[in-house]
Amino acid sequence: MSAPRAHEARRRRENPVPGEVSLETASADPEYGPIVRPYGDTTGDGMVQVSFTLPLPHDKRAEGAAVRMAHAMGMEPALLVHAKAMGPHFTFFVLYGPVKHLIDIRDIEILEREYELLSSKEVNQAIRRHLRRKLVVVGGCIGTDAHTVGIDAILNIKGFAGEKGLEYYREMTVHNLGAQVLVPELVNQARELKADAVLVSQVVTQRDAHIHNTQAMSAAFREAFPAGQVPHLIVGGPRFEESAAASLGVDRIFGRGTTPGEVASYLVHALVDPSTRRTATSTTSRKK
Ligand code: B12
């Protein structure tokens, strides 16, 4: 969960607006949480919209297959609202209908931000005071991935969402290696530039490329550096699960909507001044 959404979840728990679905306690009205279902026209009607492509030319049989697929996914009845040929051999569908599934939001596991958000001034002060040298950041997109907008949003001075990127921080030295950086090149650059942190972006997820590339990158760093001297490894991109850091062999994952200020604050927390730890962090809202 990105920080703005984590904030929103916290606000709703601590300061709910009347009528909002409760994130904690069962409401007298079964429509208002903590057990929820989707809605389209009226609250609790279960309506959802799904889209998918079938490897069939667009005809009546393909439309029947799409409806049957929606039934198999628990959508009953399923209304076919859009079908469009994607070339001669494929058809794209949109279907709308109700599902019966219920979600108990008390069982949802989330990663809440575990550190304080600092201003750029506070970040610079902390680095000066505790590290007494510039914090060195090396970043880029690895593999064949050429989607640099995300890493540029975090690193480049112009930043993202009204926040300046890490290049703006006087106490950081940032090396943005750009697109399609080969892992051995990234490892060499990190060593030569004495990187404290390596920031990698992965946007393309076809055939789980983001997972495989990240694991290969982390393995290469652990092989190339002595234990305890591996730079802090951070990966980001819109389709990562932020809770999967350990299984990918990295120290931290940042997802959709991340802002440079969050990353700068995290770097201070992880590498410079761990006292920025926030007091209460919870991963589930219900004890099992
Ligand atoms: C712009 C774009 C391109 C541009 C990229 C230009 C560039 N210099 O980056 C061009 C036209 C080159 C392109 C090419 C391709 N693209 Co494209 N592209 C997009 C598009 C429209 C926007 C991506 C973007 O810029 N988002 C804005 C940034 C700010 O968001 P972000 O990347 O999520 O980054 C944020 C967070 O994720 C996070 N973050 C990201 N990285 C990192 C790293 C760190 C360290 C941290 C802390 C945080 C962080 O912080 C950022 C700010 O919040 C998306 C669709 C979409 N709407 O997302 C498709 C999309 C990503 N592309 C796609 C595809 C398939 C391709 C191509 C394969 C198309 C083709 N057949 O040629 C090629 C691949 C090229 C390649 N070798 O990589 C698919 C990927 C599908 C998939 N499952 O993987 C998408 C999703 C479109 C789609 N729906 O099909 N693309």
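Reader: How many helices and strands are there in the protein chain?

Author: The protein chain has eight helices and 10 strands. Please keep in mind that this is a predicted model.

Reader: What share of the residues is buried?

Author: Of the 288 residues in the protein chain, 28% are buried. As for contacts with a separation of 6 or more, 64% of them are between residues 24 or more positions apart.

Reader: Turning to the open sheet, what is the order of its five strands?

Author: The order is β7-β6-β8-β9-β10, and the pairing is parallel. At the edges are β7 (172–176) and β10 (252–254), each of which pairs on one side only. From one strand to the next, the twist averages 20°.

Reader: How many bridges join β6 to β8?

Author: Five bridges connect β6, residues 135–141, with β8, residues 197–201, and the two strands run parallel. To give one of the pairs, Val137 has Ala197 in β8 as its bridge partner.

Reader: Which strands does helix α5 touch?

Author: Helix α5, residues 183–192, packs on the sheet and touches β6, β7 and β8. The direction of α5 makes about 165° with that of β6.

Reader: And where does helix α8 lie?

Author: Helix α8, residues 260–272, lies across β6, β8, β9 (232–236) and β10. Relative to β6, α8 runs at about 125°.

Reader: Let us move to the ligand. Which residues are the closest?

Author: The closest are Val149, Gly150, Ser201, Gly236 and Pro238, out of 28 residues that surround the ligand. The elements giving two or more residues to this shell are α4 (149–155), β8 and β9.

Reader: Which element gives the most to the shell?

Author: That is α4, which contributes five residues to the shell around the ligand.

Reader: How do the residues of the shell divide into nonpolar, polar and charged?

Author: The shell around the ligand has 14 nonpolar residues, 12 polar residues and two charged ones.

Reader: On backbone geometry, which peptide bond is cis?

Author: The bond from Glu76 to Pro77 is cis, and its omega is near 0°. Pro77 is in the loop between α2 (60–72) and β3 (79–85). For context, most peptide bonds are trans.

Reader: What is the phi of Ala161?

Author: Ala161 is not a glycine, yet its phi is positive, at about 55°. Most residues other than glycine have a negative phi. Ala161 belongs to the loop between α4 and β7.

Reader: Why does Ala161 count as exposed?

Author: Ala161 counts as exposed because it has 12 C-beta neighbours inside 10 Å, and a residue is exposed if that number is 12 or fewer.

Reader: What about Gln180: where does it lie?

Author: Gln180 lies in the loop between β7 and α5. Gln180 also has a positive phi of about 55° although it is not a glycine. With 14 other C-beta atoms within 10 Å, Gln180 is partly exposed.

Reader: Returning to α2, how many residues does it have, and what follows it?

Author: Helix α2 has 13 residues and reaches 18 Å from its first C-alpha to its last, which is close to the 18 Å expected at 1.5 Å a residue. After α2 comes Gly74, with a positive phi near 95°.

Key
Residues are numbered from 1 along each chain as its sequence is written. This is a predicted model: local features need pLDDT of at least 70, side-chain atom pairs count only at pLDDT 80 or more; totals for chains, interfaces and linings use all residues. Two strands pair if DSSP finds at least two bridges between them. Helices (H or I, at least four residues) and strands (E, at least two) are DSSP runs, numbered from the N terminus. Axes are lines fitted to C-alpha atoms, for helices over the stretch in contact, and angles run from 0 to 180 degrees between N-to-C directions. Two residues are in contact if their C-beta atoms, placed from the backbone, lie within 7 Å. A residue is near a molecule or strand if its C-beta atom, placed from the backbone, lies within 6 Å of it. Ala, Val, Leu, Ile, Met, Phe, Trp, Tyr, Cys and Pro count as nonpolar, Asp, Glu, Lys and Arg as charged, and the others, Gly among them, as polar. A residue is buried if 20 or more other C-beta atoms lie within 10 Å of its own, exposed if 12 or fewer, and partly exposed in between; C-beta atoms are placed from the backbone. The expected span of a helix is 1.5 Å times one less than its number of residues.
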